[in-house]
Amino acid sequence: MSDTSLKSQPPTRKRASTPRSRNGCITCKIRRLKCGEERPGCVRCSKSGWQCDGYEHTIDNSSASSSAGPTSTPSSSNLSRLLPRGSHSPGPSRSRSRSPGQPLLTSYSPQMPSQLDQEERRYFQSFIEESCINLQDSDIFFWKEAAIQASHNTPCVRHALVAIGALAKSSQKSASGHYFMDAALSVHREFALQQYQKALGALREAISTQENGDASQSTLISCLVLAFFDNFIGNSGFAVQHIRYARKVLYNISDRLRIPPADPSTDSVHQKITRLFLILDMQALFATGHDEDRTVVLTEPQIPNIVIPARFGSIEEAKRCRDLIMWESCTFKYRTSFSNFVTWQPIPQPDVDLRSYLINKIHFFHAALEPLLANQRLDIGCHPLRRGDSIKFDSIGMLIGLTLSLNAPETDSDALMPCFEYLFSLCQEILEYEANVDSTSSHEVYTFEVRTVGALSLIATKCRNSNLRRQAINLLLSSHRREWMYDSLLLGQVASFIVNVEEEGMDEIGYIPEESRVWGESMELDLQRRRALVKVRVGRKGTSQWSERMTQIDW
């Protein structure tokens, strides 16, 4: 044994014993530091550059003894995310500004899973700080509660959340909410892929040993989180596979799915999980299409009650009404998406009536908006999606989708030319604004919400004005934008194929008759070769008078 190993170790320095106070500020308690308890904010936080989050958790002894006891900790909903002032690098690339149109979300700091090592903890915190705040408000309830809680006892979810945090670190954030995706194998990206592989291994092991409903719920959460990661990194085909397995898990749990209400704030844990599944599955359906081989989770028919005033008092009131209409309309389209393939029986009359009801509500919504928008001052300096007049963007796209649903003739879209023109004009403004602010033209960019790609794809495939649809295709192909499951380069090429098919049947004056119009498009993605097998149907819906066309697209 060497002499160095025989040397006596220096005596361990013991901390002086001091009385422990339970009345410190929230920030010092989370950082496990002694708080000076100055009011309204403590000096320690001020000197170290942290935001002091106050003393809201403190309670008197009598209430403590009658409720949670003297050792209870503040609930996570009362904790603020701990971010040192000035700790972020300057410039738009790491900006924490919200994406256009997104509400300010209440931030918080959940407890870390104890199983994480130091490096994993750093990336888990990155997920909380970078990723959660960029999600739509209807999704944040899932991430705040179901997913992060599951990470404490579900290894797949734990590693997947770490992977998402590492992937966020490998990309750069722009002022308008884009992530500039870096395909180079940086340290952060390599760590993200390592954690993703660990998550997949943990999921396979969990599936092989699952025996009860709780395990099924953990598997469902795991599939949704993995789908989110694959969506983020650009593997949308793998995301679809995870969602497909989640659909299978839900089908085994219940023969019919109860759709959560439009307002997510009162969701139970099960409803939070169901809501995110529906959102992701709807995205997969709307982005990749529906064919007759797609499995379907049956849902209980909804009976919506949408009350629209004669005029809105504020933009916030109008947005709440729009969100209600959009949720009811999306779930209706999701539930009835297979109707185009049912040729042996008529569409149920309740579905026809509900579609008419939703279309009328959208028209009433737009009419009630007009007086409010007439008094709004146009701020040309802000992002187009933050302007008051953009509130109709989603509902107009939905109006087109509902009009063409339930085997309705494709020629019904010809009366909606003003809707297509509105969508194109706003998409053009969005792209011009973001190009000036972010210089995104040379980057692949990703956003957590759908902005322009879905609307431009709708124009390119459903508007039969040759000039406008080709302009939409040019915008799709002008830069590589990924918005949730929508990929602009892929959808631009799909739209070009559809236009070429339809123009084969164009008459001498440039009109495309019903029997030459395309519908029912769907894609099967092969990510290893970056190839999509695209199938479309040409002819009359709801009859046997149609043919199928296919092509392969590399992107």
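# Exercises on a predicted model

The largest nonpolar core of this predicted model has 133 residues, and Phe-142, Trp-143 and Val-225 have the most contacts inside it. Helix H9, residues 213-233, gives the most to this core, with 11 residues.

**Exercise 1. Find which residues Val-225 touches, leaving out residues up to four places away in sequence.**

Step 1. Start from the core. Val-225 is among the residues with the most contacts inside it.

Step 2. List the partners. Val-225 touches Phe-142, Trp-143, Ala-147, Val-157, Ala-160, Leu-161 and Ile-164.

Step 3. Compare the lists. Phe-142 and Trp-143 are touched by Val-225, and they too are among the residues with the most contacts in the core.

**Exercise 2. Describe the place of Ser-390: is this residue buried or exposed?**

Step 1. Locate the residue. Ser-390 sits in the loop between helix H13 (349-374) and helix H14 (393-403).

Step 2. Check the accessible area. The relative value for Ser-390 is 6%. Buried means under 20%. So Ser-390 is buried.

Step 3. Look for its surroundings. Beyond neighbours within four places in sequence, Ser-390 is in contact with Pro-384, Leu-385, Tyr-422 and Leu-426.

Step 4. Look at the polar atoms. A polar side-chain atom of Ser-390 lies 3.1 Å from the backbone oxygen of Leu-385.

**Exercise 3. Work out which parts of the chain the salt bridge between Glu-410 and Lys-541 ties together.**

Step 1. Confirm the pair. The side chains of Glu-410 and Lys-541 meet at 2.7 Å, N to O.

Step 2. Place each end. Glu-410 is in the loop between H14 and helix H15 (417-438), and Lys-541 is in the loop between strand S7 (531-539) and strand S8 (546-554), so the bridge ties together parts 131 residues apart in sequence.

Step 3. Check burial. Glu-410 and Lys-541 are both buried.

Step 4. Widen the view. Both belong to a network of salt bridges that also links Lys-462, Arg-464, Arg-469, Glu-502 and Glu-521.

**Exercise 4. Take the salt bridge between Asp-414 and Arg-517. Which end is buried, and which is partly exposed?**

Step 1. Confirm the pair. The N to O distance is 3.0 Å.

Step 2. Place each end. Asp-414 lies in the loop between H14 and H15, and Arg-517 in the loop between helix H18 (488-503) and strand S6 (518-526), so parts 103 residues apart in sequence are tied together.

Step 3. Read the areas. Asp-414 has a relative accessible area of 34%, so this end is partly exposed. Arg-517 has 1%, so this end counts as buried.

Definitions and conventions
Residues are numbered from 1 along each chain as its sequence is written. This is a predicted model: local features need pLDDT of at least 70, side-chain atom pairs count only at pLDDT 80 or more; totals for chains, interfaces and linings use all residues. Side-chain values use heavy atoms; hydrogens and water are left out. Helices (H or I, at least four residues) and strands (E, at least two) are DSSP runs, numbered from the N terminus. Buried means under 20% relative accessible area, exposed over 50%, partly exposed in between (1.4 Å probe, protein chains only). A polar contact is a pair of N or O atoms within 3.5 Å; within protein, one must be able to donate a hydrogen and the other to accept it, and residues adjacent in sequence count only if both atoms are side-chain atoms. Contact means heavy atoms within 4.5 Å. A nonpolar core is a set of buried Ala, Val, Leu, Ile, Met, Phe, Trp, Tyr and Cys residues joined through side-chain atoms within 4.5 Å. A salt bridge is a side-chain nitrogen of Lys or Arg within 4 Å of a carboxyl oxygen of Asp or Glu.
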